[in-house]
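Dear colleague,

Please find below the structure that I am handing over to you. My findings follow directly after it.

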Amino acid sequence: MYSVLKTTRRWWIADKVSEYMKRIQIEGGRRLEGSVEIGGFKNSAVALIPATILAGGLCVIDNLPDISDVDKLSQILLNNGAKIKRQGNKTIEIDTSGIEKCYADYDMAKELRASYYLLGAGLGRFKKAKVIFPGGCSIGTRPIDQHIKGFEALGARVSIEHGIISVEAEKLVGAEIYLDVVTVGATINIMLAASMAEGVTTIENAAKEPHIVDAANFLNCMGAKIKGAGTDTIKIKGVDKLRGCEHSVIPDQIEAGTYMILAAATKGDVTITNIIPKHLEAITAKLKEMGVKITENGEMLRVEGNSAIKNINIKTLVYPGFPTDLQQPMTSLLSIANGTGTVTETIFEGRFKHVGELKRMGANIKVEGRIAVIQGVDKLSGAKVEATDLRAGAALMIAGLIAEGTTEIENAQYIERGYSFYREKLIKIGAKITEI
Ligand code: EPU
């Protein structure tokens with residue numbers, strides 16, 4: 001039943017969905033210079049691939065990041081009867097006309113967070129779906145009560161048995177849904193299901209992240225009627241049928257922000273291309289506050305670091321605030337900035353697992369609840385460390401690039417969940433990084 005999916009980067013067999021463990025080695029202390037092209041946004045791509053189920057036809061998605069989460073979701077669609085063709089690194093054709101169900105079991109989806117989008121898409125098209133309780137990076141409890149609240153408001157029955165979530169409805173009827181917390185996942189999931197409900201759905205207190213707009217644009221291109229994406233009130237007028245379409249994924253603001261941080265951290269001079277600078281305003285403002293020089297030029301940003309960067313306070317917030325996904329990479333930079341700074345994490349309660357590893361490299365950080373107090377040190381020194389999640393991996397990669405000597409990062413496969421061709425991109429700008 002399973003097939004083998006080839007990407008340009010790797011072969012992997014989907015009946016062993018677990019990624020093999022990887023270890024990378026970095027020789028630190030090099031100034032990075034050059035340009036880095038940013039790929040499509042992971043958190044958008046992982047919503048758009050399940051959304052193709054709603055089309056029941058051929059969708060062509062361009063500017064897709066070449067990351068493991070995209071491979072896994074594509075494989076789940078294949079297993080459910082979709083036809084998939086990759087063209088080069090960035091384009092995928094997904095024909096979902098042959099799909100008759102929407103199902104993902106433990107082996108297919110245990111490491112994925114975005115598997116929850118199969119519920120909204122399956123509910124919309126087939127009025128039912130069954131998916132393993134979502135996994136993903138271990139950064140907090142990550143409830144999905146708001147997704148369930150939304151599905152139930154539309155008329156679905158939701159049950160959780162033996163680790164599988166089942167959603168089912170005779171029909172979906174538009175409703176007014178107020179989200180108790182601002183959540184990207186629930187906002188998109190409700191949009192998916194409501195696109196094929198009878199009547200109008202209103203989501204109040206909706207998330208406003210750029211990928212909410214990207215997902216709404218994709219659905220509208222399929223024939224959905226969604227208005228207000230990007231504001232906190234989204235209105236969806238349900239339609240009977242959607243169709244295939246072509247779409248290009250927006251640039252990855254988190255990948256871009258990570259390269260901006262590492263340019264500053266290595267006192268480098270790096271131009272980040274293929275971006276939407278507006279999506280990067282929070283990180284740009286905070287880096288400027290630290291004394292980093294940033295120059296905007298159309299779809300590019302030039303980031304010039306220096307040795308006099310000062311520590312600052314950051315607080316993670318929903319968009320347009322400082323993104324939680326850049327908090328961990330930013331901690332590595334604050335570790336070597338002059339003076340004392342703080343990081344307050346308001347979104348995920350368990351997102352400080354990288355701190356212990358940074359301390360191993362000489363960082364001076366104290367965590368009290370949701371606040372990390374960082375006293376800048378003159379240097380970090382290379383060490384053996386372990387990535388516990390995707391952005392922790394990115395934080396350690398940055399720390400390795402600035403540290404004296406050699407750093408070995410265990411479980412580096414996490415980095416591949418969100419950073420396409422990261423070793424190639426880093427080597428191109430002067431880093432010494434190898435997989436061992
Ligand atoms: N929340 C609830 N109930 C829900 C859903 C969310 O209480 O039903 C809470 C969460 O616990 C959290 C907050 O609401 O405190 C925000 O959660 P959100 O739904 O926005 O996050 P998510 O869907 O679990 C996605 C990304 C994350 C990213 C967050 C925030 C995917 C697959 N994941 O997670 O990406 O951090 O949005 O932008 O899209 C990453 O890229 O490293 C990553 C973890």
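Is Lys227 buried or exposed? Lys227 is exposed, because its relative accessible area is 67%; buried means under 20%, exposed over 50%, and partly exposed in between, with a 1.4 Å probe and protein chains only. The accessible areas come from the Shrake-Rupley method with a 1.4 Å probe, and for residues only the protein chains shown count as cover.

Before the remaining findings, two notes on the basis of the work. This is a predicted model, in which local features need pLDDT of at least 70 and side-chain atom pairs count only at pLDDT 80 or more, while totals for chains, interfaces and linings use all residues. Residues are numbered from 1 along each chain as its sequence is written, and side-chain values use heavy atoms, with hydrogens and water left out.

Overall architecture

The chain contains 13 helices and 26 strands; these are DSSP runs numbered from the N terminus, with helices (H or I) of at least four residues and strands (E) of at least two. The radius of gyration is 21 Å, close to the 22 Å that the globule rule gives for 436 residues, so the chain is as compact as a globular protein of that length. Here the radius is taken over C-alpha atoms, and the rule is 2.2 Å times the number of residues to the power 0.38. Along the principal axes, the C-alpha atoms fill a box of roughly 65 × 45 × 40 Å. Of the 436 residues, 61% count as buried.

Charged surface patch

Lys227 belongs to strand S14 (residues 225–227). Together with Lys225, Lys237 and Arg243, Lys227 forms a patch of positive charge on the surface. Such patches consist of residues with over 30% relative accessible area and no salt bridge, like charges being joined within 9 Å. Lys and Arg count as positive, and their charges are placed at NZ of Lys and CZ of Arg.

Salt bridges

A salt bridge is a side-chain nitrogen of Lys or Arg within 4 Å of a carboxyl oxygen of Asp or Glu, and by this rule the count comes to 25. Among them is the pair Glu255 and Lys425, at 2.6 Å from N to O. Glu255 lies in helix H8 (residues 253–265) and Lys425 in helix H13 (residues 422–428), so this pair ties together parts that are 170 residues apart in sequence. Glu255 is buried, with a relative accessible area of 1%, and Lys425 is buried at 13%.

Lys149 and Asp180 form another salt bridge, their closest N and O atoms being 3.1 Å apart. Lys149 is in helix H5 (residues 145–153) and Asp180 in the loop between strand S12 (176–178) and helix H6 (184–194), so the pair joins parts 31 residues apart in sequence. Lys149 is partly exposed at 30% relative accessibility, as is Asp180 at 46%.

Backbone features

The peptide bond from Tyr319 to Pro320 is cis, with omega near 10°. Pro320 sits in the loop between strand S20 (313–315) and helix H10 (327–334).

Asn63, a residue other than glycine, has a positive phi near 55°. Asn63 lies in the loop between strand S5 (58–62) and helix H2 (68–79) and is buried, with a relative accessible area of 9%. His162 also has a positive phi, of about 50°. His162 is in the loop between strand S10 (157–161) and strand S11 (164–168) and counts as exposed at 80% relative accessibility.

With kind regards

How values were computed:
Patches are made of residues with over 30% relative accessible area and no salt bridge: like charges are joined within 9 Å, nonpolar side chains (Val, Leu, Ile, Met, Phe, Trp, Tyr) within 5 Å.
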